[in-house]
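Hello,

Here is the structure I said I would pass on. My notes on it follow below; please read them with the coordinates open.

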Amino acid sequence: QQNNSTPNGNPTTASLSSSSSAKIFSDEIASVKYTTGKASGSLTSTVMEITSTNEAREATQDEIHEALFAAMRKLKQKGYATLRTNMGDVGLELHCDMTPRTTANFLGLAESGAY
């Protein structure tokens, strides 16, 4: 069992695989506007429907994760967890600022009961 929180008591994002109903578009998390490509495709293709406007495309899971990891690095905070065993509690210091992907993987596995 784990207790994932930052030193100030705020909960951390433990599971990256949790799905939410809200759509996240790539231009919301990146400094570059990524589009669906339908406008340029319709200009050069006879098969595609004609479109004259560019629409922002939905961000991929990798783009969302990279934005989350960049935010974790920028905060420069450590996370703390308590691993409860039959031999006693083990306090863990998680370096979210240095290894955000590894930390997120560990917390996701802990949340799913792997630890």
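The largest nonpolar core in this predicted model has eight residues: Phe 69, Met 72, Ala 81, Leu 94, Cys 96, Ala 104, Phe 106 and Leu 107. H4 supplies the largest share, with three residues. As background, nonpolar side chains in soluble globular proteins tend to be buried together.

One backbone angle deserves a look. Lys 76 lies in the loop between helix H3 (61-75) and strand E1 (79-85). Its phi is near 50°, a positive value in a residue other than glycine. Most residues other than glycine have a negative phi. Lys 76 is exposed, at a relative accessible area of 65%.

On confidence, the protein chain has an average pLDDT of 76, and 75% of the residues score at least 70. Among the elements of the chain, strand E2 (residues 88-94) has the highest mean pLDDT, 94, while helix H1 (residues 26-29) has the lowest, 67. Residues 1-15 have a pLDDT below 50, although this stretch has 34 contacts in the model beyond near neighbours in sequence. Where pLDDT is low, the predicted coordinates should not be read in detail.

Regards

Methods: Residues numbered from 1 in each chain as written. Predicted model: local features only at pLDDT ≥ 70, side-chain atom pairs only at ≥ 80, totals over all residues. Heavy atoms only, no water. Helix = DSSP H or I, 4+ residues; strand = E, 2+ residues; numbered from the N terminus. Buried < 20%, exposed > 50% of the residue type's maximum accessible area, 1.4 Å probe, protein only. pLDDT = per-residue confidence, 0-100. Contact = heavy atoms within 4.5 Å. Core = buried A, V, L, I, M, F, W, Y, C linked by side-chain atoms within 4.5 Å.
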